[in-house]
Amino acid sequence: MGIFSEAMDRSLRGKYSEPLQDPFAGIADIQQHLLGSFFDVVGSEEKSPRLVGIISSQPGEGVSTVSRMLAYALCYHGERPTFIIDANFRSPSLHLMENLNQSPGICDILMSTNLDLENFIHGRGDLPIRFITTGQLSPNPYLVYTHPQMEVFLEKLRAISDYAIFDLPPVHACPEVLLLAKKLDGIIFVIKAHHTPTKSVAAALDRLKRGNVRILGGILNGKKYFIPKWLYDRI
């Protein structure tokens, strides 16, 4: 796996305040760089990935921020809405970041006898982006990831979206997430610069590979330039 993009961690210092229509409008340069890198990767694939998970080795890597940033960028580039799905059943945050009700969400969808997703989707005004929260949490995430209705949910999601970005929990904190990750079209691995131990990254990637998870690429998040960036570019 190669690092294919960088995302500077300066987007959501007040992340639980009232959301903007597009909370990333002020960092369009970073957002467009991330979007361009994403299309470079998916464009090189024989079958374009549409259900994509964002994951890391440990908490605090910026997965939720990157997931939302990518989803907001993608929503302008398709005929159907882009979805962001909070699949972190240990530490959900999408409902807080977007000021949404946590329920209904995925857990409620799986328990429903009628899998009409329209009843479980949250919107953001006229923007072509949609949100699905975790819903009423199960005490055992393993039962959610292995639920027999999960495959049906993914196929229904594929039918109504151009892209669906899954905010996934860290590999080491929730190893059962591999059961969902391998059902997606691929994952993007987030590493926080100057923060993540190399051994943690290596062990997480090894787990993903042994779990038959398709790794599309990675994002180096929060990189700090100790000399001016323009000078880095000339080195």
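Visitor: Hello! How many salt bridges does the structure hold?
Guide: Welcome! This is a predicted model, in which local features need pLDDT of at least 70 and side-chain atom pairs count only at pLDDT 80 or more, while totals for chains, interfaces and linings use all residues. Residues are numbered from 1 along each chain as its sequence is written, and side-chain values use heavy atoms, with hydrogens and water left out. With a salt bridge defined as a side-chain nitrogen of Lys or Arg within 4 Å of a carboxyl oxygen of Asp or Glu, the number in this structure is 6.

Visitor: What is the mean pLDDT of the protein chain?
Guide: pLDDT is the predictor's confidence in each residue, on a scale from 0 to 100. In this chain, 79% of the residues reach 70 or more, and the mean is 81.

Visitor: How many contacts does the stretch of residues 1-5 have beyond near neighbours in sequence?
Guide: Here the pLDDT is below 50, and where pLDDT is low, the predicted coordinates should not be read in detail. Counting a contact as heavy atoms within 4.5 Å, the number that the model shows for residues 1-5 is 23.

Visitor: And how many contacts beyond four places in sequence does the model have for residues 8-19?
Guide: Please take this count with care too, as pLDDT stays under 50 over residues 8-19. The count for that stretch is 29.

Visitor: Which residue forms a salt bridge with glutamate 98?
Guide: The partner's closest N and O atom pair with glutamate 98 is 2.7 Å apart, and that partner is arginine 68. The two are 30 residues apart, with glutamate 98 in the loop between α3 (94-97) and α4 (106-111) and its partner in helix α2; helices (H or I, at least four residues) and strands (E, at least two) are DSSP runs, numbered from the N terminus. Buried means under 20% relative accessible area, exposed over 50% and partly exposed in between, with a 1.4 Å probe and protein chains only.

Visitor: Which residue meets glutamate 176 in a salt bridge?
Guide: Glutamate 176 and arginine 90 meet with 2.6 Å from N to O. Glutamate 176 lies in the loop between β6 (163-167) and α7 (178-181) and arginine 90 in the loop between β3 (82-86) and α3, so the pair ties together parts that are 86 residues apart in sequence.

Visitor: Which residues do salt bridges with shared partners join into one network?
Guide: Let's begin with arginine 158 and aspartate 185, whose side chains meet at 3.0 Å, N to O. Arginine 158 sits in helix α6 (residues 150-160) and aspartate 185 in the loop between α7 and β7 (186-192), 27 residues apart. Arginine 158 is buried at 18%, and aspartate 185 is buried at 13%. The network is made up of Glu155, Arg158 and Asp185.

Visitor: How many aromatic pairs does the structure hold, and is the pair of tyrosine 72 and phenylalanine 131 stacked, edge-to-face or tilted?
Guide: Rings of Phe, Tyr and Trp (its six-membered ring) pair if their centres lie within 6.5 Å; planes under 30 degrees apart count as stacked, over 60 as edge-to-face and the rest as tilted. The structure holds 2 such pairs. For tyrosine 72 and phenylalanine 131 the centres are 6.3 Å apart and the planes at 50°, so the pair is tilted.

Visitor: How many residues are in the largest nonpolar core?
Guide: A nonpolar core is a set of buried Ala, Val, Leu, Ile, Met, Phe, Trp, Tyr and Cys residues joined through side-chain atoms within 4.5 Å. In the largest one, the residues with the most contacts inside it are Phe153, Leu157, Phe166 and Leu168, and the size is 39 residues.

Visitor: How many residues does the second, separate core have?
Guide: Leu34, Ile84, Leu100 and Ile188 are included in this core. Its number of residues is 28.

Visitor: How many disulfides are there?
Guide: The rule asks for a pair of cysteine sulfur atoms within 2.5 Å. Cysteine 75 is buried at 2% relative accessibility, and cysteine 107 is buried at 6%. The disulfide count is 0.

Visitor: How far apart in space are leucine 110 and valine 152, C-alpha to C-alpha?
Guide: Leucine 110 lies in helix α4 and is buried at 4%. Beyond four places in sequence, its contacts include His147 and Phe153. Leucine 110 and valine 152 are 42 residues apart in sequence, and their C-alpha distance is 9.1 Å.
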